[in-house]
Amino acid sequence: MPAHLSSLVTAATAQWLTRAFPASGGALSAALCEIQARQAVTVAARLRHPTAMDAELAGVAGPGGAARLDRVTGAEGLGTEPWRTWVDEVVASWAAGLLSDPALAARAVAALPPGTGEYRRLLSPDPADTRAAALLRHPDLLAPVAALHRGSLLARLGTEAAPAA
């Protein structure tokens, strides 16, 4: 994604995740939660927009905003801040999937080109990270968001969705 747009989209999408699934605790917990959200969003964005052309097309189309995400999480009408228009719904959905499924996160990071970053807090959260992001990583809470675009994430990773039991 173009640098001038990618930082806005990444920041807005991570902001939406941390507002929808806030940290438990004080300022340190909030910072640890935000780092995990940003790492997940960065991986998701790099998977979603792997080439410069993909990024440019996304920039032309726009990120879509948080309206549907708000409806899915029951937060509809709670926020009108301008940054919410920069939230990328697909990236938020993919990031939610990565945060709630460690095996999926590992596959996603492995699918990135070598040297694209270090994602320790996403892949191996320590106890402080886990406590801080208890809501942000809770599979049941994230399920409605992750389910929105899970199929396209699995397709991007070259895996099939598991059949329903």
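A residue is buried when its relative accessible area is under 20%, exposed when over 50%, and partly exposed in between (1.4 Å probe, protein chains only). The model is predicted: local features need pLDDT of at least 70, side-chain atom pairs count only at pLDDT 80 or more, and totals for chains, interfaces and linings use all residues. Residues are numbered from 1 along each chain as its sequence is written, and side-chain values use heavy atoms, leaving out hydrogens and water.

**Exercise 1.** State what share of the protein chain is buried, and which elements it holds.

Solution. Of the 165 residues in the protein chain, 40% are buried. The chain has 10 helices and 0 strands (DSSP runs numbered from the N terminus: helices are H or I with at least four residues, strands E with at least two).

**Exercise 2.** Decide how covered helix 5 is.

Solution. Helix 5 is mostly covered, with 12 of its 12 residues buried. Among them are Glu89, Trp94 and Ser100.

**Exercise 3.** Classify the crossing of helix 5 and helix 6, and describe their contact.

Solution. Step one: the axes (lines fitted to C-alpha atoms over the stretch in contact, with angles from 0 to 180 degrees between N-to-C directions) of helix 5, residues 89–100, and helix 6, residues 102–111, come within 5 Å and cross at roughly 120 degrees. Step two: helix 5 is therefore oblique to helix 6 (under 35 degrees is roughly parallel, over 145 roughly antiparallel, 65 to 115 roughly perpendicular, the rest oblique). Step three: the contact (heavy atoms within 4.5 Å) involves Gly97, Leu98 and Ser100 of helix 5 with Pro102, Leu104, Ala105 and Ala108 of helix 6.
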